[in-house]
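Visitor: I would like to learn how to read a sheet and a pocket in a model. Please take them one at a time.

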Amino acid sequence: MNLTKAAARRRTFAIISHPDAGKTTLTEKVLLFGGAIQLAGEVKAKANRRQTRSDWMDIERERGISVVTSVMTFEYADCVFNLLDTPGHEDFSDDTYRTLSAVDSAIMVIDAAKGIEARTKKLFEVCRLRDIPIVTFINKLDREGRDPFELLEEIEQTLALDTAPINWPIGVGRTFAGVYDLEENVIRRLDAKENAAPEAVATLDASTFADCLPESDRATTAEEIALAKAACRPFDLDSFREGHLTPVLFGSALRNFGVRDLIERMAKIAPSPEPRPASTRMVAPDDPKMTGFVFKIQANMDPNHRDRIAFARVCSGRLTRGMKATLVRTGKPISLQAPQFFFAQDRATVDEAFAGDIVGIPNHGTLRIGDALTEGENLTFRGVPSFAPEILRRVRVQDAMKAKKLREALRQMAEEGVVQVFLPVDGSQPIVGVVGALQLDVLKGRLAAEYSLPIEFETTRFEVCRWVESADPAEIDKFAASHRGDMAEDLDGALVYMATSSFMLTHERDRYPAITFTDIKDYQGEAVDS
């Protein structure tokens, strides 16, 4: 297939939201309407009912949350969709930030009753930093919610983002009957049969809604829609692609309503892969040579086979089954014998993949987050971040004979990005760092289930850690020598200073002005001063 045409068919996007806004349910219904599955699961399924397909880890099923990124590929409307369902819980923000480095657009899910919530705002800010275009889906219209104009105003004021409603709700909560398409002037009814054609509207007045709304609501709804048509911004593709405007669609994922419109809108307006900055040049999607980068590692997705999958975003060229690629970090060749497309746990071997595709590459510890794969070119892709953790704990295994096994297991968990592991230079026990406490629960559960390692966590005297760098190596040596009990190395061997408090960190910064203390580091890249 022609590389330009192949890339133009790709739509690679993430779904982001605050927890409980309905993100995972929407993901299921997108896959259902996209034809990727026959039966959607339910997030809060009972024990004897189908579980949500994109949540496969035990803790996800037990708590009804997503804690890792699921990758799902399907075709619809002559497009190849690569959908990444990101963790909604803030304790797993590292995984979400890395995922957003691999997408070209995003769907922002908002609860119609709650509006913009803290996690939504944070994720939007990350999207804005990456210039990721956003389509907004206001969910749960079948429940009592806020006024649509109020929701649009909140998006504009809180996120500084122009809005362009594509449709408008007809009723809300118990009276929710469907939506009015502001562009096509048709009604899409909630109770319409599958694939039923929308109803054309000749005149917009109270009589338009005679058979779907209580009489007391008809005139008000007609007035609201007329006002929305007259006062709201029209959709502008360039403004959307530049990240200044978001099209807004209303619906109910749980009721299967508005999801098909959302998929079709993504096929129509979501950007296909664009050139991506690398260390030496801009990499165009139709460049003949294959390039890509690893943004996620997941081990033991299939507990019957202790597998390890590296998720890679193809940035250019054609990735083919059995091809030889160069792992830029080591300069050594790697054989891509069985690249795979995923639907959560399910997978299929790929014969070829193109720019924008997300492929799983089975490996046994060769690939790590941030790795670049090329056909021989020496380049790396930036922007796959590692953040200084907010919680530091020592890990104690009950059986001292398993200390070596624990270190190896922690190394593998760190390579996946589940936790960060710091090895103190004085030889004391490893310290794990996480963004949120729930990550510790995941680590404990996985070590017990996958490695038969029951562990306990112990507090440390350290509260803050930062990577240290200096243009003068002698300054680093001097600092490390005088703080030997406070120094550690991360998985890459980068030097880290462990501080007992924020006050001590500030104190050391003042004492050593030639040293940079940083809290963000690109995987396989240089630290970024905060």
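**The sheet and the pockets**

Guide: In this predicted model, eight strands form an open antiparallel sheet in the order E28-E25-E27-E26-E30-E31-E29-E32. Strands (E, at least two residues) and helices (H or I, at least four) are DSSP runs numbered from the N terminus, and two strands pair if DSSP finds at least two bridges between them. Strand E28 (455–459) and strand E32 (516–518) stand at the edges with a single partner strand each, so one side of each has no neighbour in the sheet. From one strand to the next, the twist averages 40°; axes are lines fitted to C-alpha atoms, for helices over the stretch in contact, and angles run from 0 to 180 degrees between N-to-C directions.

Guide: Residues are numbered from 1 along each chain as its sequence is written, and side-chain values use heavy atoms, without hydrogens and water. Local features need pLDDT of at least 70 and side-chain atom pairs count only at pLDDT 80 or more, while totals for chains, interfaces and linings use all residues.

Visitor: Over how many bridges do strands E26 and E27 pair?

Guide: Strands of a sheet pair through backbone hydrogen bonds, either parallel or antiparallel. Here E26 (residues 420–424) and E27 (residues 431–434) pair in the antiparallel sense over three bridges. Val421 is placed opposite Val432 in E27.

Guide: Helix H10 (residues 403–416) packs on the sheet, touching E25 (391–397), E26, E27 and E28, with its direction at about 145° to that of E25; contact means heavy atoms within 4.5 Å. Helix H11 (residues 437–451) lies across E25, E27 and E28 and runs at about 150° to E28.

Visitor: How much space lies in the largest pocket?

Guide: Rolling a probe the size of a water molecule over the atoms shows where empty space is left. The largest pocket holds about 1100 Å³. On a 1 Å grid over the protein atoms alone, a pocket is an open set of points where a 1.4 Å probe fits, with protein on both sides within 12 Å along at least five of seven lines; lining residues have an atom within 4 Å of a point. The volume is the space filled by probe spheres set on the points.

Visitor: Which residues lie nearest the centre of the largest pocket?

Guide: Of its 41 lining residues, Tyr97, Val126, Leu129, Arg130 and Gly383 lie nearest the centre. H5 gives the largest share of this lining, five residues.
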